[in-house]
Amino acid sequence: MVLAQLGGTISRALQQMSNATIIDEKVLNDCLNEITRALLQADVQFKLVRDMQANIKKIVNLDDLAAGHNKRKIIQQAIFNELCKILDPGKPSFTPKKGKPSVIMFVGLQGSGKTTTCTKYAFHHQKKGWKPALVCADTFRAGAFDQLKQNATKAKIPFYGSYTESDPVRIAVEGVETFMKENCDLIIVDTSGRHKQESALFEEMRQVSEATKPDLVIFVMDSSIGQAAFDQAQAFKQSVSVGAVIITKMDGHAKGGGALSAVAATKSPVIFIGTGEHMDEFEVFDVKPFVSRLLGMGDWSGFMDKIQEVVPMDQQPELLQKLSEGNFTLRIMYEQFQNILKMGPIGQVFSMLPGFSQELMPKGREKESQTKIKRYMTMMDSMTNEELDSSNPKLMNESRIMRIARGCGRPVRDVMEMLEEYKRLAKIWSKMKGLKIPKKGEMSALSRNMNAQHMSKVLPPQMLKQIGGMGGLQSLMKQMGSAKDMMGMFGGGGEK
Ligand SMILES: Nc1nc2c(ncn2[C@@H]2O[C@H](COP(=O)(O)OP(=O)(O)OP(=O)(O)O)[C@@H](O)[C@H]2O)c(=O)[nH]1
């Protein structure tokens with residue numbers, strides 16, 4: 001998504017400004033114009049961008065800049081705060097409570113991903129012990145009920161709908177009543193989407209809403225709709241009381257800036273984003289980590305959460321123990337590749353680490369990287385246990401390499417390349433030797449137990465510089481204690 005490139009453009013604009021000997025009105029304006037262009041290109045609504053520019057100018061005091069304060073930091077902080085302000089309407093949406101019945105109604109244009117998102121939302125809660133249920137009140141699209149039924153069956157979620165009844169209000173009411181009786185605590189009503197903003201759709205939506213009295217109306221929006229986002233979101237908001245937004249297809253090439261515009265239009269927070277077609281490609285949305293990622297400042301907490309999600313609990317202490325002994329074997333590399341593949345698009349995972357997305361996963365080459373990892377794993381499948389568990393690079397002599405190449409049907413040079421990659425990773429991870437082991441299962445404690453010395457060895461030099469050298473890293477490590485909210489740590493983030 002183009003939003004991801006925004007960080008780069010903004011950083012470049014800031015860098016150029018920092019290089020100027022004197023920061024006067026003109027230099028600041030040039031910088032802000034560059035940033036404005038980048039935001040407009042990402043499809044953020046014009047008015048929002050204009051207001052943001054004016055606000056930043058109000059906040060940034062030229063005298064402060066002239067007095068040698070860290071200009072880049074001051075302006076980056078102002079941009080960070082402004083973007084957070086747009087995305088955070090200031091009040092949280094209605095939050096359903098487990099065990100207490102809530103009706104959640106989904107609205108949005110046809111094809112926005114509404115039906116898929118209903119199931120993702122149900123599935124997300126079901127995994128956390130809720131008792132969700134799905135009601136298909138989309139009588140407009142012929143295949144809608146079948147689609148919902150299929151998704152619901154796959155996820156083992158009860159559903160309600162009809163092939164014959166054509167009145168969506170009736171289906172919605174019957175569905176909600178049925179599941180209330182069955183003590184479901186999250187009753188999700190999917191409504192019809194239409195191609196355009198037809199008045200009939202809005203009337204139908206209003207009627208379903210009046211009849212079912214939802215606790216929360218969620219507006220589902222495709223991230224690729226661009227500049228139209230603001231008007232569209234506002235049109236929905238005027239018909240039903242939209243209380244939250246879910247942005248779908250954030251995995252695609254969408255510009256994504258519409259997300260910011262939709263929040264501004266509905267004055268409702270984004271609560272989740274859809275990142276793929278599959279049921280579990282669905283993420284809770286947090287403003288600060290999102291903006292931080294957007295500006296290329298990284299999202300360490302998200303990365304740790306992701307690791308915690310995919311490295312099986314029982315493997316976490318073992319992995320850390322091995323790393324602390326400086327024992328990075330081919331088997332560890334294999335297991336970590338497995339975990340990385342499970343984490344979903346690799347770029348997505350690495351983009352959570354500051355500076356890493358460009359370093360390790362060049363943009364647009366995520367698929368290629370995944371194929372490479374799978375190829376490496378096939379080669380490792382032809383290795384013996386002794387080879388996998390050894391951390392002695394000398395063990396891999398010519399005859400072993402030839403045997404592995406034959407076994408996996410790949411040329412010798414591919415096996416050599418894989419071993420080179422192993423050596424590169426082993427070198428990085430060997431610097432983790434002496435790492436204090438966190439308590440069992442407490443992966444996020446990794447961040448607390450790593451000292452700045454360890455980190456400085458692991459981080460690419462460019463990134464270390466970006467953080468502000470050892471001094472910056474030390475203060476960063478201090479802030480790592482509060483894992484959830486570490487935006488301040490890369491120099492630009494901060495309090496609102
Ligand atoms: N890549 C990607 N595709 C998605 C995402 N969410 C939904 N889709 C796809 O978008 C298409 C449309 O999704 P639906 O759920 O059928 O859309 P809808 O809004 O319910 O459509 P109507 O019922 O006609 O209003 C499907 O092919 C989904 O698989 C997402 O987050 N990422």
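# A tour by selection

Arg 410 is partly exposed, at 31% relative accessibility. Select this residue first, bearing in mind that the model is predicted. Asp 414 is buried, with a relative accessible area of 8%.

Now pick Met 402, Val 412 and Met 416. They form a nonpolar patch on the surface, and together have about 240 Å² of accessible area. Met 416 belongs to helix α21 (residues 412-430) and is partly exposed, with a relative accessible area of 41%.

The whole structure has 16 salt bridges. For another of these, go to Asp 190 and Lys 114, where the closest N and O atoms are 3.5 Å apart. Asp 190 is in strand β4 (residues 186-191) and Lys 114 in helix α6 (residues 114-127), so this pair ties together parts that are 76 residues apart in sequence. Both Asp 190 and Lys 114 are buried.

Helix α8 (residues 168-181) holds Glu 174 and Arg 170, which are 4 residues apart and so separated by about one helical turn. These two also form a salt bridge, with 3.4 Å between the closest N and O atoms. Glu 174 is partly exposed at a relative accessible area of 29%, and Arg 170 is partly exposed at 46%.

Turn to the aromatic side chains, which make 7 aromatic pairs in the structure. Show Phe 219 and Phe 236: their ring centres are 4.9 Å apart and their planes stand at 35°, so the pair is tilted. Phe 219 is part of strand β5 (residues 216-222) and Phe 236 of helix α10 (residues 229-239), so the contact links parts 17 residues apart in sequence. Phe 219 has a relative accessible area of 0% and is buried; Phe 236 is buried too, also at 0%. Then select Phe 106, Tyr 121, Phe 272 and Phe 282, which form one aromatic cluster.

Finish at strand β7 (residues 270-274), where 5 of 5 residues are buried. Strand β6 (residues 242-248) pairs with β7 in the parallel sense over 3 bridges, and Val 245 stands opposite Val 270 in β7. Strand β8 (residues 282-284) runs antiparallel to β7 and is joined to it by 3 bridges. To see one of the pairings, select Ile 273 and its bridge partner in β8, Glu 283.

Terms used
Residues numbered from 1 in each chain as written. Predicted model: local features only at pLDDT ≥ 70, side-chain atom pairs only at ≥ 80, totals over all residues. Heavy atoms only, no water. Phe/Tyr/Trp six-rings, centres within 6.5 Å; stacked < 30°, edge-to-face > 60°. Helix = DSSP H or I, 4+ residues; strand = E, 2+ residues; numbered from the N terminus. Buried < 20%, exposed > 50% of the residue type's maximum accessible area, 1.4 Å probe, protein only. Pairing = 2+ DSSP bridges. Patch = residues over 30% accessible without salt bridge, like charges linked within 9 Å, V, L, I, M, F, W, Y side chains within 5 Å. Areas by Shrake-Rupley, 256 points an atom, 1.4 Å probe, with all protein chains shown as cover. Salt bridge = Lys/Arg side-chain N within 4 Å of Asp/Glu carboxyl O.
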